[in-house]
Structure formats: structure tokens, C-alpha cells
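Good morning, colleagues. Please look at the display first.

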Amino acid sequence: MILRRAITGFTLVCFLTTQTASLAGPHDEGIAAVCAEAVGTMERALEITVDYLKQRKQFGVAIGSFQALQHRAVDMLVMFEQARSMAYFATMSVAEPETTKRAAAMSAAKVQIGRSARFVGEQAVQLHGGIGVTEECSVGHYYRRLTLIEILFGDANHHLAQLARAGGLDSRT
């Protein structure tokens, strides 16, 4: 069975196995799906923020021309790309038959997704200023969703501890 879930420009395609004897398989599939949702949400928050930086004028100049704000936008992009890579990794790992390897991969993905989601969401709101937390601004809604996603299926600290107990990722994965 193929699961396709399109989330604001990011499509998760994973092959689900029907031979899962425990809840570990569906749990891991849920983590992979949530990771994909987080990536799509971060992508949209980043797009909105960059557009805002290009349009908002201060002192007669677009605030996106200020180097300090450009650096913050690039830092958001780097965290977003790291999250996207880990979401791909989680998606590919869903098909891993060995549950310990699959669980370690899901934990690694959840750690990076959680850290990236928090950073991208906070920066998006910060770069919008006070309007970023109003009901009229969609960035605030994305930030709240990213905050919820961070704690779904366990937060980054929980998954980091699980990954440490598992001995990290297998280098042959």
C-alpha cells in the first residue's frame, strides 16, 4: 500500500508494510508522516517570512536588504534543509524490516525535525515582529503547529535519549 500525503509542497511517499506484528510499525509510520508535515509547514513559514522581508520597508528600504536579517533567513533555510533530509531518511527507513534500526532512524529524524521546527518557527515569528503572533498572520499559526509537532510522538530530548540508548545510528544504514 502506498501512502501519499501532500503537505504544502512536500510530498511524502512511503511504502507501508502490512506484516507489522506490533504497534512499532504504525508508530514509526506516524512519525515519518509528522516529519513530512513539519517540513511542509517549515517550508511555508520560510516562504512567507522571506516575502515579508522583501516587502516590509523601514527607513525607506526593504528590511530584507539588511545583512543581519539576510543571515537569519539563511540560517532558517539551513535548518529547513537539514529537516527535509531527515524527513526523507525517516520516510526511507519506514520500510526497514529490523525494528531497532527503524526506531533509531525515527528518533534521529524526530530530533532534527524538532530542533529545526523550533528554530524556523521562532525566527519566522521574530522576523515578522509583533504582527507574527496575531491571529491575522499565518506565521503564528504555523509556529503553533510546529510547536505541537515537536512534542507529538515524543519531543527531541526524548528521542535523543532513545537514540543514545540504541547506540546511535548504524553507519551502514
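The chain exposes about 9,200 Å², and carbon and sulfur atoms supply 58% of that area. Accessible areas here come from the Shrake-Rupley method with a 1.4 Å probe, and for residues only the protein chains shown count as cover. I must state that this is a predicted model, in which local features need pLDDT of at least 70 and side-chain atom pairs count only at pLDDT 80 or more, while totals for chains, interfaces and linings use all residues. Residues are numbered from 1 along each chain as its sequence is written, and side-chain values use heavy atoms, with hydrogens and water left out.

Of the 173 residues in the chain, 44% are buried. Buried means under 20% relative accessible area, exposed means over 50%, and partly exposed lies in between (1.4 Å probe, protein chains only).

On the surface, Phe59, Val61 and Phe66 form a nonpolar patch with about 310 Å² of accessible area together. Patches are made of residues with over 30% relative accessible area and no salt bridge; like charges are joined within 9 Å, and nonpolar side chains (Val, Leu, Ile, Met, Phe, Trp, Tyr) within 5 Å. Phe66 sits in the loop between strand S4 (61-62) and helix H2 (67-93), and Phe66 counts as partly exposed because its relative accessibility is 32%.

Turning to the fold, the chain has five helices and four strands, and from the N terminus the order of elements is β-β-α-β-β-α-α-α-α. Helices (H or I, at least four residues) and strands (E, at least two) are DSSP runs, numbered from the N terminus. Among contacts between residues at least 6 apart in sequence, 69% join residues at least 24 apart; a contact means heavy atoms within 4.5 Å.

Now the salt bridges. How many does a search of the whole structure find? The search finds seven, each being a side-chain nitrogen of Lys or Arg within 4 Å of a carboxyl oxygen of Asp or Glu.

One of them pairs Arg102 with Asp28, with the closest N and O atoms 2.7 Å apart. This pair links distant parts of the chain, since Arg102 lies in helix H3 and Asp28 in helix H1 (residues 24-55), 74 residues apart.

Arg84 is buried at 19%, whereas Glu81 is partly exposed at 34%.

In helix H3 (residues 99-128), Arg118 forms a salt bridge with Glu122, at 3.6 Å between the closest N and O atoms. Because these two are four residues apart in helix H3, about one helical turn separates them. Salt bridges that share partners join Arg118, Glu122 and Glu150 into one network.

Glu150 brings us to helix H4 (residues 138-151), where the buried residues are Val139, Gly140, Leu146, Ile149 and Glu150. Just after H4, Phe153 takes a positive phi of about 60°.
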